[in-house]
Amino acid sequence: MSAIRRKFGEDYQVVNTNRAMSFSAPSKRKRQRFVEKNGRCNVQHGNLGGETSRYISDLFTTLVDLKWRWNLLIFLLTYTVAWLIMASMWWIIAYIRGDLGHGHDESYTPCVANVYNFPSAFLFFIETETTIGYGYRYITEKCPEGILLFLFQSLLGSIVDAFLIGCMFIKMSQPKKRAETLMFSQDAVISQRDGKLCLMFRVGNLRNSHMVSAQIRCKLIESRQTPEGEFLPLDQRELDVGFGTGADQLFLVSPLTICHEINSNSPFFDLSQRSLMNEQFEIVVILEGIVETTG
């Protein structure tokens, strides 16, 4: 029998398995995709109301989702501004107490020893924040406001470090680049297997490290109209790839062929070869698993 080999969203080609008959199909047929081949979704939200405030309320996830250049810019600006503000507070304490005018007067006890101007106050803050402590600049016991500022600086520095470093760590551990070594077949094929008509495609893992608990799912995305007349744009339906038999649980050490049986429960059951080529739909394949090396 004849089977269709379909390249989703780009072109269509008929594969004739019994050479009895064939149909010509358009090639290089560009369509706007719901999900790109690299996994990016072509969805833009608009007219939601309060969208900015919602993103700000979930600030941590918003920072993780930003592009790397914005993450690095925020990282640098946050530390730079925090350092300048805290150094200014140490300089203000020294200015109010009159420590700046005494210079190297050994008979005078300042709030922070050897802080004469803003650069020296900035160096003292950096030495304290990074726990370098060269031993040349230090807080004296006759400065309660300096002790309180030191406690505040320690708490604030810990919070900023945990927030920004945690954000950078999570962003680096995201599996976006790991997906580059997970290969899907460029085309899907409809053909017979074990006497049954099946939609088939292949998936493989290029790395030697295993994917733990790998599971695959398929979604058929198609606009349709219900018997009541309701129009459902981009309606999502599940394609059975072995959920009942456990075939969706993959041991992905070598390339595997994933099969969807076209039976009475399949959305493709009532479609002919010609109508399948003219249908407007998209199949999204979702592969989930835990990367063995990073978790």
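Predicted model: local features only at pLDDT ≥ 70, side-chain atom pairs only at ≥ 80, totals over all residues.

Trainee: How many helices and strands does the chain have?

Mentor: Six helices and 10 strands. Of its 295 residues, 32% count as buried. Take contacts between residues at least 6 apart in sequence: 59% of them join residues at least 24 apart.

Trainee: Where does UniProt place the feature "transmembrane region"?

Mentor: The unreviewed entry puts it at residues 72-93 and 147-170. Now set the record against the coordinates. Residues 72-93 are 100% helix and 0% strand, with end C-alpha atoms 32 Å apart. Residues 147-170 are also 100% helix and 0% strand. There the end C-alpha atoms lie 34 Å apart.

Trainee: Which residues of helix 3 are buried?

Mentor: Asn71, Tyr79, Met86, Ala87, Trp90, Ile93 and Ala94. Next, ask what covers them. These buried residues pack against helix 2 (59-65), helix 4 (118-129) and helix 5 (144-172).

Trainee: How are two packed helices described?

Mentor: By the angle between their axes and the distance between the axes. Here, the axes of helix 3 and helix 4 come within 8 Å and cross at roughly 120°. The crossing is right-handed.

Trainee: Which residues make that contact?

Mentor: Helix 3 supplies Ala82, Trp83, Leu84, Met86, Ala87, Ser88, Trp90 and Trp91. Helix 4 supplies Phe118, Ala121, Phe122, Phe124, Phe125, Ile126 and Glu129. By class, that contact has 13 nonpolar, one polar and one charged residues.

Trainee: Now a single residue. Is Gln153 buried or exposed?

Mentor: Read its relative accessibility against the cut-off: buried means under 20%. Gln153 is at 2%, so it counts as buried.

Trainee: Where does Gln153 lie, and what does Gln153 touch?

Mentor: Gln153 lies in helix 5. Leave out residues up to four places away in sequence, and Gln153 touches Met86, Trp90, Phe125, Thr128 and Glu129. Look back at two of these: Met86 and Trp90 are among the buried residues of helix 3.

How values were computed
Residues numbered from 1 in each chain as written. Heavy atoms only, no water. UniProt positions renumbered as here; feature names shortened; annotations may be inferred. Helix = DSSP H or I, 4+ residues; strand = E, 2+ residues; numbered from the N terminus. Buried < 20%, exposed > 50% of the residue type's maximum accessible area, 1.4 Å probe, protein only. Contact = heavy atoms within 4.5 Å. Axes fitted to C-alpha atoms, helices over the stretch in contact; angles between N-to-C directions. Left-handed = near helix turned anticlockwise from the far one by under 90°. Nonpolar A, V, L, I, M, F, W, Y, C, P; charged D, E, K, R; others polar.
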